[in-house]
Amino acid sequence: EALQAILGEAIELGAPEAAPDLRAWLEGGALGAPPAAIELSVEVELGSTPPCMALLLLELPGAYPNELPIISVRCPAYSRDAQSRCSADLHAHMAEHAGTCCVWPAIMWVQEHGRDYVAPAAPACRAAPAAAVAIRREYIYFHHVYSRHKIRSILEWAHEYDVTGFLLPGKPGAIAAEGDDAQVREFVEQIRRLPWQKMQTRHVDVISVSDSVALQQARCFSSFRELIPGVATALAAMAAAGVAPASSALFGTP
């Protein structure tokens, strides 16, 4: 609440519906163990020349602040290597604040140093020869998908990378992603950068097509959508799209 008073809408609780129970536990009105983890996302402005925003993702364990949070930084201007270096450097900085409430120091560190990991614009180069066109379908299994900020990011990325398929929230969670081979690979890589208890690609189909028109015609899913939780929902969606055989690899169903 103190951070929200300072940051306003820039900070978001991963599961807003859990806030009343969490507040009751903190105030001593609820019995039992503390919450296993609390997920937070914080939007941090890295500068204005040009404008650049980063998303700070934190998972606070039940023993926080005695136990450091799981943390990562996501920024569209970061390369894969820069993303890893930024998160590692931030974790090292937070280790200096072990045993204290280190969320605010983490936010301040990203505000001060986050722009250092933005790569300079590459010089213009001659266009490369046209690459071969292929459609890729990738099926990914998750231990669970509950965080609303993760779900929102995945839906936004699906639109950005022109990926069709579905996201199954809950436990277990799953994603079916199809589209241009390179675009799907980048989409999955963005998701992999988020902190997960378990994320595993269980099946991939790659089919060469003649051109982008043929790629669109080869799609089995017409859009990318969030499903109602439950494996049965995903099985029905896969059957309707004509990809039911992949369900055995994704969920271990006969």
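The legends below describe close-up views of aromatic rings in a predicted model.

Local features require pLDDT of at least 70 and side-chain atom pairs pLDDT 80 or more, whereas totals for chains, interfaces and linings use all residues. Residues are numbered from 1 along each chain as its sequence is written, and side-chain values use heavy atoms, without hydrogens and water.

**View 1. The aromatic pair Phe166 and Phe221.** Four aromatic pairs are found in a search of the whole structure; rings of Phe, Tyr and Trp (its six-membered ring) pair if their centres lie within 6.5 Å, and planes under 30 degrees apart count as stacked, over 60 as edge-to-face and the rest as tilted. The ring centres of Phe166 and Phe221 are 5.9 Å apart with planes at 75 degrees, so this pair is edge-to-face. Because Phe166 belongs to strand S6 (residues 164-168) and Phe221 to the loop between helix H7 (212-217) and strand S9 (224-226), the pair ties together parts 55 residues apart in sequence. Helices (H or I, at least four residues) and strands (E, at least two) are DSSP runs, numbered from the N terminus. Phe166 is buried, at 1% relative accessible area, and Phe221 is buried at 9%; buried means under 20%, exposed over 50% and partly exposed in between (1.4 Å probe, protein chains only).

**View 2. The aromatic pair Phe187 and Phe224.** With centres 5.9 Å apart and planes at 75 degrees, these rings form an edge-to-face pair. Phe187 lies in helix H6 (residues 181-192) and Phe224 in strand S9, so parts 37 residues apart in sequence are tied together. Both Phe187 and Phe224 are buried.

**View 3. Charges over the rings of Trp196 and Tyr141.** Lys150 lies over the face of Trp196, 4.3 Å from the ring centre. Arg202 is placed over the face of Tyr141, at 3.8 Å from the ring centre. A charge sits over a ring if NZ of Lys or CZ of Arg is within 6 Å of the ring centre and within 35 degrees of the ring normal.
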